[in-house]
Amino acid sequence: MFNLAIPELLFSKVDVAGRPGYEVAICTPEPGPVPTTGGLALHVDRGLDELERADTVLVAGTGDRYEPDPRAVRAVRAAAAAGLRVASLCSGAFLLAEAGLLDGRSATTYWQLAAELRGRYPALDLKGDVLYVEDGRILTASGYAAGIDLCLHMIRSDYGAAVANEVARLALVAPVRPGGQTQFTQTPLPPERGTACADTRGWAMRRLDEPLTLADLARHAGVSVRTLTRRFHAESGVSPLQWLLHQRVERAKELLETTALGMDRIAQACGLGTADSLRTHLVRRTGLTPSAYRAQFSRMTAATGQAGESAGTGQPAPARA
C-alpha cells in the first residue's frame, strides 16, 4: 500500500499555474478488490485499458514478483513500445524485467531483492547501491522511501525544481535527492531523522546568499558549535557545512533551471561566491557545467507558456500517470 500511495500522493499535489500537473489513475488487470500484504483489500475500478491514455506508467511494488500477471506484462511492454515513460518502484522492477524493458539497461530495485533480480534477469545492468536509475524512458527505484525520491525526480524533470521542491514541502519530505544517474552524485543526503535543528535549517535556507558559518548556525540554535555539530549529524547524517553546501548547490540548480541570471549572480544568490566556485561544485555533484546544466534542464520555455499548453487555454496540460 505504501508503494501505491507514494505516486498518488505526490503527483496529485503538483500545481502548475493553478491547474493540476497530473491526472493520476490507478489500474489493475482485474478490476475489483485487490489484496495487499497488510491484509486489507483495495477496490480498483479501472482496467489496463487506462494505459492507452497515459503519458507515464508506473508499476508499484508487488508480492507477486515471481509470476507477474501476463496481462500486465503485455500492457507495460506495449506502453514502452508506444514511447511512454515507464517506471517502477521496489519489486515492480521484476515486471519491467519480465517485459524485456530492462535488457541492456541500467536498473535498480530494493537491496534485499537485488541479487534475485540479477540472477533471474542477467541481461540487465543492476545498480544495487543507488536510490533510483533513469535509463532513457525507463526508470526504476529501490525500496520504500526511495519511491518518493523517484517521483520527485520525475516531477522535477517535467516541471522544474521549484515545483518539485514545493511538492516536497507540502508532503513534509526532503527536497529532491539525487539518484543513480551518472550526472548526479552517488552520495545523496540521507533522510532527516529529527527536528531539534529544524528551525535552524529553515533559517539557513532563507539565508543561503549570506556567508554563514558554524558559529552563525550555533548562535541561531542557541547551542555550542560542538553540540550543534553532534545534533545536526544525528538528524541529517552529515555535518552542518556539508548540509549547507548541498543546499547551496540545489539552489543553484533551481536558479539555472528557472531564471536567466548570469553565473556570477547565481553564485552570489546561493552563497557559492564566484562563477568558478559554482562551476567546481556543480561539476562535482552533477558532472555538468552550469551552462550545460541550464541547456539540459532549463524550464524557461515552459515558464513563458511556449510549450506544454492545453489548446486554447494558455495553461499547462496535465500529464496522465
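Which helices do the buried residues of H12 pack against? The legends below, which describe a predicted model, begin with this helix.

**View 1. Helix H12 and its packing partners.** H12 spans residues 275–286, twelve residues in total. From the first C-alpha to the last, H12 reaches 16 Å, close to the 16 Å expected at 1.5 Å a residue. Its buried residues pack against helix H10 (240–258), helix H11 (263–269) and helix H13 (290–297).

View 2. Ala-275, Ser-277, Leu-278, His-281, Leu-282 and Thr-286 are the buried residues of H12. Seen down the helix axis, these residues fall within an arc of 155°, so they line one face of H12. An α-helix has 3.6 residues a turn, so residues three or four places apart point the same way. Asp-276 and Arg-284 are exposed on the other side of H12. Just after the helix, Gly-287 takes a positive phi of about 80°.

**View 3. The open sheet of strands S6, S7, S11 and S10.** Four strands form this open sheet in the order S6-S7-S11-S10, with mixed pairing. Strand S6 (56–59) and strand S10 (132–135) are the edge strands, each pairing on one side only. From one strand to the next, the twist averages 10°. Strands S7 (residues 85–89) and S11 (residues 138–141) run parallel and are joined by four bridges. Ala-87 stands opposite Leu-139 in S11.

**View 4. Cysteines Cys-90 and Cys-270.** The structure holds zero disulfides. Cys-90 counts as buried because its relative accessibility is 11%, under the 20% cut-off. Cys-270, at 0% relative accessibility, likewise counts as buried.

Note on methods:
Residues are numbered from 1 along each chain as its sequence is written. This is a predicted model: local features need pLDDT of at least 70, side-chain atom pairs count only at pLDDT 80 or more; totals for chains, interfaces and linings use all residues. Side-chain values use heavy atoms; hydrogens and water are left out. Helices (H or I, at least four residues) and strands (E, at least two) are DSSP runs, numbered from the N terminus. The expected span of a helix is 1.5 Å times one less than its number of residues. Buried means under 20% relative accessible area, exposed over 50%, partly exposed in between (1.4 Å probe, protein chains only). The arc is that of the directions from the helix axis to the C-beta atoms. Contact means heavy atoms within 4.5 Å. A disulfide is a pair of cysteine sulfur atoms within 2.5 Å. Two strands pair if DSSP finds at least two bridges between them. Axes are lines fitted to C-alpha atoms, for helices over the stretch in contact, and angles run from 0 to 180 degrees between N-to-C directions.
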